[in-house]
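This briefing is meant for a reader who is meeting the structure for the first time. Please look over the sequence and the 3D view before going on to the notes that follow.

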Amino acid sequence: MTGTINLDGQTIPFTEGQTIIEAATAAGVYIPHLCHKPGYTPHGSCKLCTVKVNGRNCSACTFPAADGQTVISNNDELAHDRRRITQMLFVEGNHFCPSCEKSGNCQLQGVAYHLQMYDNHFPHFFALREVDASHPDILIDHNRCIFCNLCVRASQEKDGKNVFGIAGRGINKRLVINSPSGQLKDSDIAVDDCAAHICPTGAILIKRTGFQVPIGQRIYDHKQISEVALAAEGGSCSRPAAALAPSQEVAHDK
Amino acid sequence: MTNKIKVATTSLAGCFGCHMSFLDIDERIVALAEVAEFDRSPITDIEHCGPCDIGLIEGGVCNSENVHVLREFRKNCKILVAVGACAINGGLPAMRNYVNLEDCLLEAYRDGIGVENAQIPSDPELPLLLDKVHPIHEIVKVDYFMPGCPPSADVFWTFLTALVEGREPALPYELVHYD
Ligand code: SF4
Ligand code: SF4
Ligand code: FES
């Protein structure tokens, strides 16, 4: 089945099985998102892609497109909600961008810039979270994890391993490592794994690559995440990030 | 009598980097001085801020004096602006929030490498440290936020010219940075 949906007043086509975000992306319309990535099973957890479908709020990354749907993505109310959601992500983790080597290449930050987010609005949790620097090549800073589940999906779906999991609920939610000690060094992750390169934030970093591109010359320093996402995600996007040379580090972000 | 806009500025738990960045507006400060004058700020050496139009706060809140100064600014300034990462989210000073305060003091003043004449400062004149460093919006209502570490001179200029002219400040994409 194919058909058309009406997205913010524009008629766009979709094909059988496409979600709203897939149809939008194919038509060149950016819907803000963090836990969605083309080629990965939808997760629907960050709610940043919330749109109004025939008057009801739905996640565009999980909701199938259907003929005749009226979808609203671009209005003040949704922009406000998305800003609040992003602010919640900032206050429940510990995001000190000036001290983060992902700054400028970080999708969470890129989305916040795009949403014109100037402040964090809510009181900060200042939650106690750990850094796992045990692995020789890969570092995990739990302070920056937004539980998008992309590393979990990448490890299972692309690497054929099962290195990551999300455990607990609500404020006790945490990213766990499948290894006897719970540390990354005792897991079977390898530096070339997709899971090591997929993190949209600075939670999973490759050691000794941090400042190859100086701050100020990084991707979201100059380009809106809307342009970057559409350029990278418009086509098929299953190329493993590990195939990229370290000097193209920014490309891991896409 | 003067019709000039009154601006007060202060640095709480900050490094004065935001003030330095403000000065980077360079010769535009002459145009600013034609419409605005400084009340309390590092350039005037006025101790308490009087009634003002705009208050610019750099830094977060880490001790009792910061709380008093911040409340005084809120009481006296029609528009209060959080300037820079520390005022907005606690910034670098807030990275001590994950360390017990006692351990923090011991490391800095007794056990740290190179410490001589080890003692925890306890002069009654010293403001008491808070258990945690807080962004200023957790203590008082804040009207506007200027992101950046520090916000660039162009951010200061864009914000201040808008406020002085009574417009809603908005930043073009290139000026929004958290680092
Ligand atoms: S992960 Fe992104 S948002 Fe978080 S501190 Fe790093 S750059 Fe900032
Ligand atoms: S570590 Fe990164 S990829 Fe994994 S869940 Fe957290 S934010 Fe997502
Ligand atoms: S992108 Fe749709 S819920 Fe996260």
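By class, the shell of ligand 1 holds 6 nonpolar, 5 polar and 1 charged residues, where Ala, Val, Leu, Ile, Met, Phe, Trp, Tyr, Cys and Pro count as nonpolar, Asp, Glu, Lys and Arg as charged, and the others, Gly among them, as polar. This is a predicted model, in which local features need pLDDT of at least 70 and side-chain atom pairs count only at pLDDT 80 or more, while totals for chains, interfaces and linings use all residues. Residues are numbered from 1 along each chain as its sequence is written, chains are lettered from A and ligands numbered from 1 in the order in which they are written, and side-chain values use heavy atoms, with hydrogens and water left out.

**Ligand surroundings**

- Among the residues around ligand 1 are A:H95, A:C97, A:C100, A:C106 and A:R144, a residue being near a molecule if one of its heavy atoms lies within 4 Å of it.
- The residues surrounding ligand 2 include A:C145, A:C148, A:C151 and A:C199, and by class this shell has 10 nonpolar, 2 polar and no charged residues.
- A:T201 is listed around ligand 1, and A:T201 is also listed around ligand 2.

**The sheet of chain B and the helix across it**

- In chain B, 5 strands form an open sheet in the order β2-β1-β3-β5-β7, with parallel pairing; strands (E, at least two residues) and helices (H or I, at least four) are DSSP runs numbered from the N terminus, and two strands pair if DSSP finds at least two bridges between them.
- Because β2 (36-38) and β7 (144-146) of chain B stand at the edges with a single partner strand each, one side of each is left without a neighbour in the sheet.
- Neighbouring strands of this sheet are turned by 25 degrees against each other on average, direction ignored, with axes taken as lines fitted to C-alpha atoms, for helices over the stretch in contact, and angles running from 0 to 180 degrees between N-to-C directions.
- Strand β1 (residues 5-11) of chain B pairs with β2(B) in the parallel sense over 3 bridges, and B:K6 has B:E37 in β2(B) as its bridge partner.
- Helix α6 (residues 153-164) of chain B lies across β1, β3, β5 and β7 of that chain and runs at about 155 degrees to β7(B).

**Nonpolar cores**

- The largest nonpolar core has 90 residues, of which A:F164, B:L56 and B:I136 touch the most other members; such a core is a set of buried Ala, Val, Leu, Ile, Met, Phe, Trp, Tyr and Cys residues joined through side-chain atoms within 4.5 Å.
- The largest share of this core, 6 residues, comes from α6(B).
- Apart from this core lies another, of 18 residues, among them A:I12, A:I21, A:V29 and A:V51.

- Strands β3 (residues 50-53) and β4 (residues 56-59) of chain A run antiparallel and are joined by 4 bridges, with A:V51 opposite A:C58 in β4(A).
- A:S73, in the loop between β5 (70-72) and α2 (76-92) of chain A, is buried at a relative accessible area of 5%, where buried means under 20%, exposed over 50% and partly exposed in between (1.4 Å probe, protein chains only).
- A:Q18, in the loop between β2 (10-15) and α1 (20-26) of chain A, is buried as well, with a relative accessible area of 19%.

Conventions. Contact means heavy atoms within 4.5 Å.
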